[in-house]
Amino acid sequence: MVTSNIFLLLPCSTKLYMEIFNKNLHAYTWLDRIITVALVVGTVLCIYQPDSYTIKSWVIRFAPQITVGYWLSGLLFLVLRRNRLTMIAFICCGFMCIFLKKCG
């Protein structure tokens, strides 16, 4: 039976390559989580506006620009091959579009 393991074709040990692969795979998870929380909190603050007048007036003025920012950040994450951040940015952009359509 032939196994199609890419690591068998490499000259070094499999364990070394697996360690490098796992290290690179999880290198930016904390940064991904911070960006995810920022995107989701920003969307929730725009949709469910708090009673504070300053935040509410800021959100009303800049909601379309925030939506375009989410869309552009989704495209940036797509180029950087950050799949989870791409989906979250586009989902937040979609929720903002629905919110703007209902309000406008």
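Surface patches are made of residues with over 30% relative accessible area and no salt bridge, nonpolar side chains (Val, Leu, Ile, Met, Phe, Trp, Tyr) being joined within 5 Å. In this predicted model, local features need pLDDT of at least 70 and side-chain atom pairs count only at pLDDT 80 or more, while totals for chains, interfaces and linings use all residues. Residues are numbered from 1 along each chain as its sequence is written, and side-chain values use heavy atoms, with hydrogens and water left out.

V68, W71, L72, L75 and L78 make a nonpolar surface patch of about 450 Å² (Shrake-Rupley areas, 1.4 Å probe; a salt bridge places a side-chain nitrogen of Lys or Arg within 4 Å of a carboxyl oxygen of Asp or Glu). L75 lies in helix α3 (helices are DSSP runs of H or I, at least four residues, numbered from the N terminus).

Beyond four places in sequence, Y70 touches A38, L39, G42, T43, A89, C92, C93 and M96 (contact: heavy atoms within 4.5 Å).

F99, found in helix α4, is buried, with a relative accessible area of 14%. Residues up to four places away in sequence aside, F99 touches C46, I47 and Q49.

Notes. Helices (H or I, at least four residues) and strands (E, at least two) are DSSP runs, numbered from the N terminus. Buried means under 20% relative accessible area, exposed over 50%, partly exposed in between (1.4 Å probe, protein chains only). Patches are made of residues with over 30% relative accessible area and no salt bridge: like charges are joined within 9 Å, nonpolar side chains (Val, Leu, Ile, Met, Phe, Trp, Tyr) within 5 Å.
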